[in-house]
Amino acid sequence: MDGFIAGMKIKPSAALLAAFLVSACSSPLPSHAVTSTSAPAGIHTIQHVVVIMQENRSFDHYFGVFPGVDGLPRQNGQFTVCIPNPAAGSCTMPSHDGNDRNAGGPHGEANATNDIDGGKMDGFVAQAEQGKKKCANQFDPACTNGAKSDVMGYKDARDIPNYWAYAENFVLQDHMFEPNASWSLPEHLFMVSEWSAKCSKSGDPTSCVNALQNPDQLAARAGGSQKAPDYAWTDLTYLLHKSSVSWKYYVAEGTQPDCEDDQATCAPKPQRAGTPEIWNPLPWFDTVKQDKQLGNIQTLDHFSADAKAGKLPAVSWVVPNGQDSEHPPALVSTGQAYVTGLVNSIMQSSDWASTAIFLSWDDWGGFYDHVAPPRVDENGYGLRVPGIVISPYAKHSFIDHQTLSFDAYVKFIEDDFLSGQRIDPKSDGRPDLRPDVRENASQLGDLAQAFDFTQAPRKPMLLDPHPKPGPASTP
């Protein structure tokens with residue numbers, strides 16, 4: 001324990017020590033569960049929102065044994081779930097997985113449907129066993145990146161001590177769902193626009209129709225050429241620009257974390273700030289081009305410089321490259337170090353006093369989760385992923401049980417900076433055929449409930465990007 005705390009460079013508070021020593025057994029929702037959805041008046045204390053989006057981990061995989069959460073089903077310290085394993089002719093129970101490199105499983109729309117299996121949540125092992133092996137691009141969503149399935153494995157403070165430290169000291173959300181049951185590109189489209197669609201007419205929002213699996217339209221043409229998509233519907237940057245609210249989309253250059261077509265095997269492709277691709281879809285939006293804001297999509301070194309100078313924009317999105325993404329087979333430790341560096345840079349900035357960091361993982365990556373996604377509309381939600389709120393005004397050691405998705409990020413930004421205006425074709429001046437206004441879904445919780453604006457601002461909690469392992473959890 002002492003080594004764990006020393007590795008994080010923080011003092012071992014009584015709350016931290018107690019949290020790691022108590023049993024991690026599942027229990028009824030504690031008394032601090034959120035019941036109100038009204039936004040506190042102090043929301044405008046937050047002048048900078050930073051959305052850090054990692055990749056491909058389910059909630060149970062990272063936090064299924066964290067104290068007090070709706071975690072892996074257990075009774076008397078024993079797991080009570082066992083998922084069918086067709087290859088072995090038996091079933092597989094959850095078990096600790098201390099491997100830094102994981103295999104995961106396929107995670108397209110069809111895989112999500114089979115994993116969920118009508119709410120039984122029992123298709124994970126079978127899907128992983130059926131995933132492609134030895135793919136040219138190991139980030140291909142159709143692949144299982146290992147000889148053996150590891151989708152029933154879980155992590156704890158031994159493996160991701162910094163993530164557990166953030167969860168213990170700030171706010172952990174145990175009902176954060178990806179906005180639709182599919183892969184990376186649709187998730188990132190929802191993250192910036194609340195929709196994933198295809199448009200048949202360039203520049204015409206009314207020509208766009210729902211498309212959760214292949215919204216990129218990157219079909220191979222004769223001679224190897226490809227037709228780039230045209231995203232004509234409205235995204236959040238349109239409203240931000242219209243209200244003179246600053247924004248930037250920071251891209252870690254390197255390789256793309258996924259294929260451009262999630263059913264195809266492909267060689268790794270470069271990822272650059274100026275190159276549209278699955279984790280960087282904004283250059284394909286008509287609004288971004290028409291508003292002449294392509295320059296707001298910048299490399300990650302600009303984020304570091306902006307944080308150091310105390311010049312973060314009002315809204316930031318930060319996406320990794322393949323190596324930093326935590327997408328199997330990328331190392332968990334590498335992704336954690338990358339995220340820790342981002343958080344540290346914000347905490348060391350003069351902007352820390354007015355910043356909210358929203359950290360999540362864009363889809364489940366084929367890893368097991370026991371909670372069936374709620375039905376919201378024809379598009380989602382998808383499977384449960386980890387969500388963490390880090391801020392000087394985040395509640396202490398708080399588990400938020402509200403039903404959330406990435407729609408809640410958009411809702412918070414709109415409430416904070418746009419007086420509650422929504423991406424709504426009836427009011428935003430750009431009519432499209434999206435099925436609904438996702439931010440107004442009755443099931444969706446309010447991220448403002450993760451904050452206490454009456455408390456004294458929290459001091460920075462700088463962590464070592466390469467910490468020593470924490471203590472084992474108690475099943």
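Mentor: Start with helix α11, residues 332–347, in this predicted model. α11 has 16 residues and spans 22 Å from its first C-alpha to its last.

Trainee: How do you know what span to expect for α11?

Mentor: The expected span is 1.5 Å times one less than the number of residues. For α11 that gives 22 Å, and the helix reaches 22 Å.

Trainee: What makes α11 mostly covered?

Mentor: A residue is buried when its relative accessible area is under 20%. In α11, 13 of the 16 residues are buried. Across the 475 residues of the protein, 63% count as buried.

Trainee: Why are α10 and α11 called roughly parallel?

Mentor: Angles under 35 degrees count as roughly parallel. Helix α10, residues 300–308, packs on α11 at about 30°, with the axes 8 Å apart. The pair is therefore roughly parallel. Their crossing is left-handed.

Trainee: Which residues of α10 and α11 meet?

Mentor: Leu300, Phe303 and Ala307 come from α10. Tyr338, Leu342, Ser345 and Ile346 come from α11. By class, that contact has six nonpolar residues, one polar and no charged.

Trainee: Which residues does α6 bring to α11?

Mentor: Pro161, Asn162, Tyr163 and Tyr166. On α11 they meet Gly335, Gln336, Val339, Thr340, Val343 and Asn344. The classes here are five nonpolar, five polar and no charged.

Trainee: Is Met121 buried or exposed, and how do you know?

Mentor: The cut-off for buried is under 20%. Met121 has 2% relative accessibility, so Met121 counts as buried. Met121 sits in the loop between α4 and α5. Its phi is near 55°, a positive value in a residue other than glycine.

Trainee: Where is the peptide bond from Pro328 to Pro329, and what is its omega?

Mentor: That bond is cis, with omega near 10°. Pro329 is in the loop between β15 and α11.

Terms used
Residues are numbered from 1 along each chain as its sequence is written. This is a predicted model: local features need pLDDT of at least 70, side-chain atom pairs count only at pLDDT 80 or more; totals for chains, interfaces and linings use all residues. Side-chain values use heavy atoms; hydrogens and water are left out. Helices (H or I, at least four residues) and strands (E, at least two) are DSSP runs, numbered from the N terminus. Buried means under 20% relative accessible area, exposed over 50%, partly exposed in between (1.4 Å probe, protein chains only). Axes are lines fitted to C-alpha atoms, for helices over the stretch in contact, and angles run from 0 to 180 degrees between N-to-C directions. Angles under 35 degrees count as roughly parallel, over 145 as roughly antiparallel, 65 to 115 as roughly perpendicular and the rest as oblique. A crossing is left-handed if the near helix is turned anticlockwise from the far one by less than a right angle, and right-handed if clockwise. Contact means heavy atoms within 4.5 Å. Ala, Val, Leu, Ile, Met, Phe, Trp, Tyr, Cys and Pro count as nonpolar, Asp, Glu, Lys and Arg as charged, and the others, Gly among them, as polar.
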